[in-house]
Amino acid sequence: MIQDLVTTFAATIKDVLPIAVVLVFFQAVVLRKRVPHLKSVLIGGLYVVLGLGLFLFGLKEALFPLGEAMARQLTDPAFVGNPTDWTAHGWTYLFAFAIGFSTTIAEPSLIAVAIKAREVSGGTVKEWGLRIAVAVGVALSLVFGTYRIVTGTPLYVYMIAGYAIVIVQTMFAPKTIVPLAYDSGGVTTSTVTVPLVAALGLGLASTVPGRSPALDGFGLIALASLFPMITVMGYAQLVQWNEARRHKLHVPNPETEDTE
């Protein structure tokens, strides 16, 4: 285990080094200025390497095996009966929904985007409203992705149908929410969500008879990027409709007041 940890840290340093070279080059050669707070920057860089190394090691040793083990157990014939019968996978769909929702709620990149969205919108975009809308989108994407793996349905069918819905929603959703909805699909596929989602897909594809991990195991992350666009724009449309309804109920009709 110590050797694996050292190997992970060495790989992390190798991955981070090009970023450091680019930053130093632009600071020293292009801008020609000293690095402000150099000591803090170096200490922060050390923390980054340590954090990334431990995180990647944790993924390898815990999250990936856990996701694959859960997928194998949920699709075990002794548990579901016929693994190729999509109606027998109720618990698998529930697990996919729960893991998608919980990992997305905890996603640091989504939290950061939600906070910024609330700040720049003056509170119009609610932080928790956005996070829940994105989490529901990811959860639904994993349910559909799990169904796709179990049934062997081609991925392009879901992608074409999903983006068709996105295009239609884009024409009717509030214009201020559309860019945020598109970005929300990207921030979900980050540090917490991707490892478990990938492990779930590969685990399912390796245990369901007739499925190939290379062909069927991947694609869940693509769906996890697509569905949040739909749910965020749907959330915005629902809020807009509710506000219009409340305004209509509380604002008196001028014609009625004049007749009185």
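**Entry 1: helix 6 and helix 9**

I began with a pair of helices and noted that helix 6 passes helix 9 in a right-handed crossing. The model I am reading is a predicted one. I looked up the axes of helix 6 and helix 9 next. They come within 10 Å and cross at roughly 20 degrees. Angles under 35 degrees count as roughly parallel, so I put helix 6 and helix 9 down as roughly parallel to each other.

Then I listed the contacts. From helix 6, the residues involved are Val138, Leu142, Thr146 and Ile149. In helix 9 they meet Thr193, Val197, Leu200, Gly201, Leu204 and Ala205.

**Entry 2: helix 4 and helix 6**

I moved to helix 4, residues 90-105. How do the axes of helix 4 and helix 6 cross? I found an angle of roughly 150 degrees, with the axes coming within 7 Å. The cut-off for roughly antiparallel is over 145 degrees, and helix 4 and helix 6 are therefore roughly antiparallel to each other. I also noted the handedness: helix 4 passes helix 6 in a right-handed crossing.

I checked the length of helix 4. Its 16 residues reach 23 Å from the first C-alpha to the last. At 1.5 Å a residue, 22 Å is expected, and the value is close to that.

Which residues of helix 4 are buried? I wrote down Thr92, Tyr93, Phe95, Ala96, Ile99, Gly100, Thr103, Thr104 and Ile105. I then looked for what covers them. The cover includes helix 2 (38-74), helix 5, helix 6 and helix 9 (193-207).

**Entry 3: helix 5**

Helix 5 covers residues 108-120. I counted 13 residues there, which should span 18 Å at 1.5 Å a residue. The end C-alpha atoms are 19 Å apart, and that agrees.

I asked which residues of helix 5 are buried. They are Leu110, Ala114 and Ala117. Why do they lie on the same side of helix 5? They cover an arc of only 65 degrees around the axis, so they share that side.

I turned to the face of helix 5 directed away from its buried side. Lys116 and Val120 are exposed residues on that face.

Next I looked up the partners. The buried residues of helix 5 pack against helix 4, helix 6 (127-151) and helix 8 (178-187).

**Entry 4: past the end of helix 5**

Just after helix 5 I came to glycine 122. Its phi is positive, at about 65 degrees.

Terms used
Residues numbered from 1 in each chain as written. Predicted model: local features only at pLDDT ≥ 70, side-chain atom pairs only at ≥ 80, totals over all residues. Heavy atoms only, no water. Helix = DSSP H or I, 4+ residues; strand = E, 2+ residues; numbered from the N terminus. Expected span 1.5 Å × (residues − 1). Buried < 20%, exposed > 50% of the residue type's maximum accessible area, 1.4 Å probe, protein only. Arc of directions from axis to C-beta. Contact = heavy atoms within 4.5 Å. Axes fitted to C-alpha atoms, helices over the stretch in contact; angles between N-to-C directions. Parallel < 35°, antiparallel > 145°, perpendicular 65-115°, else oblique. Left-handed = near helix turned anticlockwise from the far one by under 90°.
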